[in-house]
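Good morning. Please have the sequence and the structure open, and I will go through a few places one by one.

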Amino acid sequence: MKIQILSDEMASRIAAGEVVERPASAVKELIENSLDASATEIFISVEKSGTSSIRVWDNGEGMAPEDLNLAVERHATSKLKVDEDLFRIATLGFRGEALPSIGSVSKLQVVSRSPNAPTAQKLCVEGGKKGEMLPTASAVGTSIEIKDIFFNTPARRKFLKAPATELSHICDAVNRMALAYPGVHFRLEHDGRTVADYVSVNDGKDRLYQVFGREIAKGLTAFDWRQGELAAHGFLSSAPLSFPNARYLYTFVNRRYVRDKVLTHAVLQGYETLLMKGQYPAVVLFLNVPFGEVDVNVHPAKFEVRFRRQSDVHEAVARAIRQALRQEAKEPGPRSGAIASSSFSGVREVALPYGLSARTAPDNPAPTYGNVFTLPPRAAAQEGFYSSMRVLGQILGCYLVCASSQGLALIDQHAAHERVAFEKLRRQMDAGKVAMQNLLIPQTVRLSAGEMMLLEQKLDILWRFGFDLEPFGPDAYAIHSVPALLPEGDYSQVVRQMVADLAEVDTSSKLREHLEDRLATIACHSVIRANRMLEMDEMRALLSDLDQIDFATQCPHGRPVLIEISRDELERMFKRVV
């Protein structure tokens, strides 16, 4: 007989391989249990990057002796009472696999005491074999110690990375939990040295400073968006702050950290045309959805989820990100009616009357040379950020020099006009006015049965983007018209990519990105070029146009339109502030 039933010990090790991939996986599972137990203090101590020992202590509810005895058994949990609970999971843990999986590949010791218990209880599990429960002294809460992880699975231990890498994964696991639970005190020690100590805070922004550090946290802006049962809030960076990888992109669903490609794609789509190619934003996204609308039981380590209405979630997140960025991009930095006074408390040179103040005028004004340097009327200054600037002139045939409310502003005339032209073209596309070109000889695209059914349901979306298709046999469609923006070529590949994207997010973001890339190219070749001198009226008209569009701080390729030098920076350059 070829097929045989595995022993309980082998089955436990296989299950542990799914749940406990590395020491950081054990740390994550134990922290989740602590949070589910309403802990407000969670201390983690590891030795040799977790390969020698891991200890997690919390001040949560603890466990009664009878519960502790069952906690190390497979599929024993307090989170699920009836079958329906599996489809509305509100806790971080729910399967009852963490402790038995860890115990099967390590030497595990659990000490726990509930509030009403006179003493704590200690239970040891070594290689899946449970020992006798004994009374011991301990405070209310739970302390779990793991020694010699993977001692009985040397093949798994062999695949662990360098100690520094494993410690980095443990730090990442703690940081993710800390971001989602700012009201909990987290402390991480490694070989007796404190690596992180995040005291509880009331404001999520304070937790960002603890986890990310000042330089990154100060560049993140809070946002809050709600629509129906969906709510998204968190913190995000505004362009041009970006990073070469997605290390600072965190997505949480109901306070559970997930690596979901739909959410990541939605976040990046919210930043479309605001970042240069290959760059990523810093985003901490907390998405709240009804528990019954998300399935978290789709990944052994619970890193992935499945949404019941995936397309609605994708569109909601992208809209939330884009709405949060809109005001910041259109009106960067704090606004004020005059150049802001510095908050620097050090020694400052006394201001001498070298020229006129921007806010006052003497009874006998000094002569001026033309009206180039006069401030616009107060009403005009309130019309918009860019319109309120004083145009000082143009340098190098490329840059406008302006006086803003915060200091000196340099504007790339080509990038500015490129963004204006791009937004106008995009509005035409969004209004359904995409020009279509008929093909002299229709092209055919052959699809699978599943793709044919999907495409049949989404023909109206294709039409809105400028594609006219009709069935051509049982397994193909004929392409009669395509968007005029697309270059000449094999359009069947574009349709194939679009169908694949429709299967993921229900609206073809890839086609939109393809079209917008084409829009950016058209805008780039149809606007003001560098090394062209502009008249003053042209400069003012360009600034006025920037106030009429969204995301006016970046060109469609992600390059900056505006660079500001504050008054403080200027005074430091000239050593007027000591």
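Start at Asp 191, which is partly exposed, with a relative accessible area of 46%. Keep in mind that this is a predicted model. Asp 191 sits in the loop that runs between strand S8 (185–190) and strand S9 (193–198). Its phi is positive, about 50°, although Asp 191 is not a glycine.

Lys 575 also has a positive phi, about 60°, and is not a glycine. You will find Lys 575 in the segment after helix H18 (567–573). Its relative accessible area is 66%, so Lys 575 is exposed.

Next, the surface. Which residues form a nonpolar patch there? They are Ile 395, Leu 396 and Tyr 399, and together they have about 300 Å² of accessible area. Leu 396 belongs to the loop between strand S17 (390–395) and strand S18 (399–403). With a relative accessible area of 67%, Leu 396 counts as exposed.

Now helix H13, residues 449–457. Its buried residues are Met 452, Leu 454 and Leu 455. Why are they on the same side of H13? Because they cover an arc of only 170° around the axis. On the other side of H13, the exposed residues are Ala 449, Met 453, Glu 456 and Gln 457.

Ser 25 is part of helix H2, residues 23–36. Is Ser 25 buried or exposed? Its relative accessibility is 13%, and buried means under 20%, so Ser 25 counts as buried. A polar atom of the Ser 25 side chain lies 3.3 Å from the backbone nitrogen of Glu 21.

Pro 154 is in helix H5, residues 154–158. The cut-off for exposed is over 50%, and Pro 154 has a relative accessible area of 58%, so Pro 154 is exposed. From C-alpha to C-alpha, Pro 154 and Val 105 are 9.9 Å apart in space, while in sequence they are 49 residues apart.

Last, the cysteines. A disulfide is a covalent bond between the sulfur atoms of two cysteines. How many disulfides does a search of the whole structure find? The search finds zero. Two cysteines to look at are Cys 402, which is buried at 0% relative accessibility, and Cys 555, which is also buried, with a relative accessible area of 0%.

That is the end of my list.

Conventions:
Residues are numbered from 1 along each chain as its sequence is written. This is a predicted model: local features need pLDDT of at least 70, side-chain atom pairs count only at pLDDT 80 or more; totals for chains, interfaces and linings use all residues. Side-chain values use heavy atoms; hydrogens and water are left out. Patches are made of residues with over 30% relative accessible area and no salt bridge: like charges are joined within 9 Å, nonpolar side chains (Val, Leu, Ile, Met, Phe, Trp, Tyr) within 5 Å. Accessible areas come from the Shrake-Rupley method with a 1.4 Å probe; for residues, only the protein chains shown count as cover. A salt bridge is a side-chain nitrogen of Lys or Arg within 4 Å of a carboxyl oxygen of Asp or Glu. Helices (H or I, at least four residues) and strands (E, at least two) are DSSP runs, numbered from the N terminus. Buried means under 20% relative accessible area, exposed over 50%, partly exposed in between (1.4 Å probe, protein chains only). A disulfide is a pair of cysteine sulfur atoms within 2.5 Å. A polar contact is a pair of N or O atoms within 3.5 Å; within protein, one must be able to donate a hydrogen and the other to accept it, and residues adjacent in sequence count only if both atoms are side-chain atoms. The arc is that of the directions from the helix axis to the C-beta atoms.
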